Structure formats: structure tokens, C-alpha cells
Amino acid sequence: MSLRVYNSLTRRVEPFEPLDEGRVRIYTCGPTVYDRAHIGNFRTFLWEDLLRRYLKWKGYDVTQVMNLTDVDDRTITAAIERAITLDEVTAAPIEWFFEDWDRLGLEPVEHNPRATDHVDGMIELVRRLESAGLTYENEGSVYFPIAKFEDYGRLAGIDPETLGSAGRASGDEEYEKDDPRDFVLWKGGERSGESDVAVWDSPWGRGRPGWHLECSAMAMEYLGETLDIHTGGVDNMFPHHTNEVAQSEGATGKPFARYWLHAAHLLVEGQKMSKSLGNFFTVPDVIDRGHRPSTMRYLMLSGHYRAQLNFTFDGLDAAARSVERLRDFRERVRGAAESEGPRSGDLSDAAARAASAFEAAMDDDLNVSEALAAIFGLVRQGNQLMDAATPAVPDGTDSVLSVFTDFDAVFGVLALRDREGDAVDDDLAAWVEQMIAERRAARAERDFARADEIRNELLARDVVLEDTAEGTRWKIREGVAPATAE
Ligand code: AMP
Ligand code: ZN
């Protein structure tokens, strides 16, 4: 069976065939490191991790590059506003980024180049475009004339004729363009303190690279002139990826990326989660409310990447229950595998069916809903067969465990959950203590209705109270994984 993916370039689901057999080169637009990434950003990164893991599981040798955008309008503005250097702005966000990356169980990628370390390659790319007649210069800045690039806009399905000045990239307003639709490759000249913060020498005088140029140059430097897959969020399709295509293909005359894959957004109450709207959560924000990273990982991976996902705390609770159900089942099967008692029934067929349904679903443009349905189908059937066999245990437990190993090589949820362990985390403990104090106060005021309400609220989280002479003690209900505070 082979993988098919939706290619934004052709707007079709196509068989995936890398340029070199057995090897996949992926470029992934990374975070702009001016602040901590939010979980919307991580939705895209998690799906990219799923794609990477699935390709590896299929046997491909994957080389993935994810850049760190450490010089762009946002990092520069932050440096100017705070009167610090660009490195001082980006140091902490880069550290946080890798911290959250690891906490959510993402695999390290092969290369994480920083834009500021690759300015030479960016200048070189502009020079190639210059030789190809695809640039013009104006007051120290260099522009790409989109009218000279025949296919401009194909990726995003945009007709350049209809691109009025409204189509121009924001942040470019102050630049002197011949045509408002053109984009800046190299931002030169002296402007508003920028020159002190981020400036490099170039054949066009001092200046700094434009954002689009950064990704093209780093992608080609690490992966060659034609990539197998380029990924990012849908918001990157225009202008960012559209301009990456124009400047890369304009310079090389070769296709830049053969497959373009884009993830839909994470929403909050129907709106894109974003820094500018202020409706965002970071990974620590969610952990501080008592939720596990493995729960976040599951929630984000359980929706198809091309469908928007609405983030809610109820959704997180449901995700936590799904993870526990998978875990409990795996424990039960492990127990059966270790049992030396009599055998009755066989799980092998159910396991084989789940394995092939899982792969068929993932092959179909990473259809995670179907893939998870296959796994939960196995859980249901496996439990029925084990119930029926009791007190004996069925054969075929190894086949089931190997389906779970394969599933988790791709989803990476159970390994992360195992790593987290069963310790009640500090946030949950603090929340429970606070609820107990409130209950004590309610009882002191003879508000027993409120006291009962609190007890029930705790019980709903599997927290059991025990009133003793020394005060109220609490524990997590037997056989239940710790609940989470909110
Ligand atoms: P940025 O740091 O803004 O350059 O974004 C990094 C990555 O996160 C890009 O691939 C964006 O497309 C993606 N992204 C930004 N906001 C969201 C969101 N709400 N949901 C999913 N992906 C997002
Ligand atoms: Zn990019």
C-alpha cells in the first residue's frame, strides 16, 4: 500500500513518490521566535510530526528541515521596542520552543537552521535572481517583479491580474515598488532604527533579508533545489509560499517542491488562534490548568489536518479519556500475554484487520479519524474476546501489542503518556487543596449544599474525599488515572 496526499499545488490527492527512492526531503516553516509559540502553531507542528513519523514508519529515510525565523518584522520590532539585540529577543523564545516541542513528544528534526546564520545563502539567491533578470533595485532594496514570473500564484490559486494593491504583503507598505504586487527580496536602506538591530552587508548596500527569501535559501541549502515536500499552515500559502515558489523556481528553473501540504487552523470559538487576536494558549497555559501534554497531543492529532479544529477544554477532557482507554486496554492485553493460565479464543484476526485498516486510513492522506476508528475497533473487539474468554485468556495477544506499537510509532501518544507517569501533578494537587479549603469554609458557614457540590465536583474528577479526625484527606479513585484540574 502506498501513501497518497493532498497536494495544494494540484488541488488533488495524489500518490506520494519521492524524487529519490526511499528518501524524503521535507521543509517545514518554523516559528517566528519573538515570543512563545501558541498551541495553534503546535497544531501545525504536531501534524508535521505525524507526517514525519508515518513516512518513517513506511520505511522512508526522512530528512526534515525546520527553520527558526529569527529575523523578520516581529523580532525586529520587539528588539527596537525593548532596546535589546535581536539575539536577546530570540534566545528565550527559542528555548521555550524546544521545551514545548519536547513536552509534546515531537521528534527532533534533522536541521533547525536559524535565518541569521544563513544570510550569505540568501544574498546568493538574490544574485541568481538578478542574473536571471528577475529583480529590480530601488533605494537599496531589491524586489521581485511578479509580472515576469509566468506561473505566479499557481500554488494559492491566485490570478495575479486580480491581485490589486490589496494583495501585497503586509509590512511592505513603506517600500518603493514598481508594481504594488511585487515583493521585497532584500530590505535595504536606513529606516526607523532597524539598521542597528538587524543589518548585513550586501551587494546592494546594508540591509536584511525578506522573510520569504529566508525559507527558500535555507530549504535549498539543506535539501537541494527540488524538495519532496514543503509544509506549513494554510495562512502560509499566500503570500509566503507563493513567493517562495516564485523566487526559488525563478532562480533554478526547476520545480521547488513537488508536494505542498498545508494544515488548517486551530480555532478558539470559531476564530483562528493567534497572538494578534489575543485568543491564544501556550503549552504551559494548558499544563497549568492541570492537563497533560499527552492529552494535548492526542487532541491535536485526532482531527484531520485539512479540517479546522476547535480548541475546547471539554475536548481535552474527552481526549484524556480516549488516551486512558487505549492505555487500559494495552495493560489488559499485556496482562493476558503474561498469563500462564488456559487459552481460549484468538485475537489475531481482529489485530490483523485493525492493522490493515490503520495503514489504509493513514495512506489515505493521513485519515486519522479512520485510523483511530480502526484502533478503537480493536479495543472494543479485544475487550469482548477477553471478556468471553475469562477466566482463560485468548491467543494472539502479541499481534495486538504489535498493532499498538505500530500505532504509537506514528501517533506517539502512549509513549508520551508513559513518560509522564502516574504522579498527580502539582497543579491538580493545588486545585484539590483549594477546593477542600473552600468546602471547609462552606461547612463552617453551614452551607452544606455548597459543600456537597464541591465534593461532587471533585468526584467528577475522580478525587475521593475522606473526612478524618485529622482533617480531610483525598485520593484518586482506584483504577482511575489521575483526573485533571481546569
Ligand atoms: P509563525 O510563528 O507565525 O510563523 O507560525 C508558525 C507556524 O504555525 C506556521 O506554519 C503557521 O501557519 C502556523 N500557525 C499559525 N497560527 C496557527 C493556528 N491558529 N493553527 C494552526 N497553525 C497555525
Ligand atoms: Zn517559510
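Predicted model: local features only at pLDDT ≥ 70, side-chain atom pairs only at ≥ 80, totals over all residues.
Which residues line the largest cavity?

**View 1. The largest cavity and its lining residues.** The structure holds four cavities of 30 Å³ or more, and the largest cavity contains about 70 Å³ of space. Its lining is made up of Leu9, Phe149, Asp151, Tyr152, Gly153, Arg154, Leu155, Thr242, Val245 and Glu249. Sorted by class, the lining of this largest cavity comprises five nonpolar, two polar and three charged residues.

**View 2. The largest pocket and the elements that line it.** About 1,100 Å³ of space lies in the largest pocket, and, of the 47 residues that line it, Thr32, Arg74, Trp211, Asp235 and Asn236 are the closest to its centre. Two or more lining residues come from each of the elements α1 (39-57), α2 (73-82), α3 (86-103), β7 (183-188), α6, β9 (227-233) and α7, with α1 giving the largest share, six residues. By class, the lining of the largest pocket is divided into 16 nonpolar, 18 polar and 13 charged residues.

**View 3. The zinc ion (ligand 2) and its protein donors.** Because Cys215 belongs to helix α6 (residues 211-223) and His240 to helix α7 (residues 237-252), the pair ties together parts that are 25 residues apart in sequence. Cys215 and His240 are both buried.

**View 4. Met296 and its contacts.** Met296 is found in helix α9 (residues 293-301), and it counts as buried because its relative accessibility is 1%. When its neighbours within four places in sequence are left aside, Met296 is in contact with Ile39, Leu104, Val283, Val286, Ile287 and Leu316. Phe144, by contrast, is 152 residues from Met296 in sequence and 41 Å from Met296 in space, taken from C-alpha to C-alpha.

**View 5. The hairpin between strands β16 and β17.** Strand β16 (residues 463-468) and strand β17 (residues 471-476) run antiparallel and are joined by six bridges, one example being the bridge that pairs Asp467 with Thr472 in β17. The hairpin that leads from β16 to β17 passes through two residues.

Terms used
Residues numbered from 1 in each chain as written. Chains lettered and ligands numbered in written order. Heavy atoms only, no water. Donors = N, O, S within 2.8 Å, 3.2 Å for Na, K, Ca; no water. Helix = DSSP H or I, 4+ residues; strand = E, 2+ residues; numbered from the N terminus. Buried < 20%, exposed > 50% of the residue type's maximum accessible area, 1.4 Å probe, protein only. Pairing = 2+ DSSP bridges. Contact = heavy atoms within 4.5 Å. 1 Å grid on protein atoms, 1.4 Å probe; cavity = no way out; pocket = protein on both sides within 12 Å on 5 of 7 lines; lining within 4 Å. Points joined across faces, edges and corners; volume = space filled by probe spheres on them. Nonpolar A, V, L, I, M, F, W, Y, C, P; charged D, E, K, R; others polar.
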